[in-house]
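Keep the sequence and the 3D view side by side as you read.

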Amino acid sequence: MTFHSFEIEFQNRCKDVDNFFDLLTFIDNIAYQKKIEIKGESFDGVEMKHCITNDEQKILRSTAYLVLYNLIESTINLVVNSIVDSINDEQIELEKLKDNYKKKYLESIFGNKNTIGKLTVLGMELLDTIFQHKNIEFENLKFGISGNLDYKKTLHILNNLGCVGKYCNNTTDLKLAMKRIKDYRNRLAHGEASFVDCGSNIVISDIKSDYTIIHEFLDNVMSLLTNFIDNKEYLK
């Protein structure tokens, strides 16, 4: 079975998260009160020791939510970019696209070109593209993703792309997990709370539960993306 490159990239990102969670679980289970030293050796042969502290455990628990948000945002970006690449590789005419992709193409070429001169030039180029049956090429699809992905925003993007289907078995839990991940990510990224403070309110079982829900959701999204691209569902 041949895998698309975006499927392989997604699997690799999930492996990154799994590796992080292995480390998190190990560190979080250490009885820091006993002040047990973890011993190791540096690359140049120097012996090292370290006692894990409760604050370090809290920092790792907080960081888990940054890792999870990164997985969500990188996957949705992967969906958008994979569709753009597929359309560009197909070398198709504008008229053959579905209406929602025609609209996105117009948005991508006009962008912030708000002067009459620039709009006139772009309008002439667009007419030439249509009447000469030239192949079009997307530069990007703009959705304002950065830092904003909760369930509602993610669904808006997927629906706008036409990449739709069954995303999860429990929508309520998914909404709560995505809101929690986004909120923790933004509090940490914007400096509204320290990693130690955030970590004080997080238990590892909740993090793992959120990851399970998110993983199921993103798995389903990638399956829908594969079908979408294989069936060229961006075409009329």
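Glutamate 95 and lysine 102 form a salt bridge, with 3.4 Å between their closest N and O atoms. The term is used here for a side-chain nitrogen of Lys or Arg within 4 Å of a carboxyl oxygen of Asp or Glu. Lysine 102 counts as buried at 17% relative accessibility, while glutamate 95 is partly exposed, with a relative accessible area of 47%. For these words, buried means under 20% relative accessible area, exposed over 50%, and partly exposed in between, using a 1.4 Å probe and protein chains only.

Glutamate 95 also meets the side chain of lysine 236 in a salt bridge, at 2.5 Å from N to O. Lysine 236 lies in the segment after H8 and glutamate 95 in the loop between H2 and helix H3 (99-110), so this pair ties together parts that are 141 residues apart in sequence. Lysine 236 itself is exposed, with a relative accessible area of 61%. Taken as a network of salt bridges, the linked residues are Glu95, Asp99, Lys102 and Lys236.

A word on the ground rules. This is a predicted model, where local features need pLDDT of at least 70 and side-chain atom pairs count only at pLDDT 80 or more, while totals for chains, interfaces and linings use all residues. Residues are numbered from 1 along each chain as its sequence is written, and side-chain values use heavy atoms, with hydrogens and water left out. Helices (DSSP runs of H or I, at least four residues) are numbered from the N terminus.

By the salt-bridge rule, the count comes to nine. One of them joins arginine 61 to aspartate 28, whose closest N and O atoms are 2.6 Å apart. Because arginine 61 lies in helix H2 and aspartate 28 in helix H1, the pair ties together parts that are 33 residues apart in sequence. Arginine 61 counts as buried, at 10% relative accessibility, and aspartate 28 also counts as buried, at 17%.

Now follow aspartate 28 into its helix. What else is buried in H1? The buried residues there include Phe6, Phe10, Cys14, Val17, Phe21 and Leu24. Helix H2 (54-90) and helix H8 (204-230) are among what covers the buried residues of H1.

How values were computed. Helices (H or I, at least four residues) and strands (E, at least two) are DSSP runs, numbered from the N terminus. Contact means heavy atoms within 4.5 Å.
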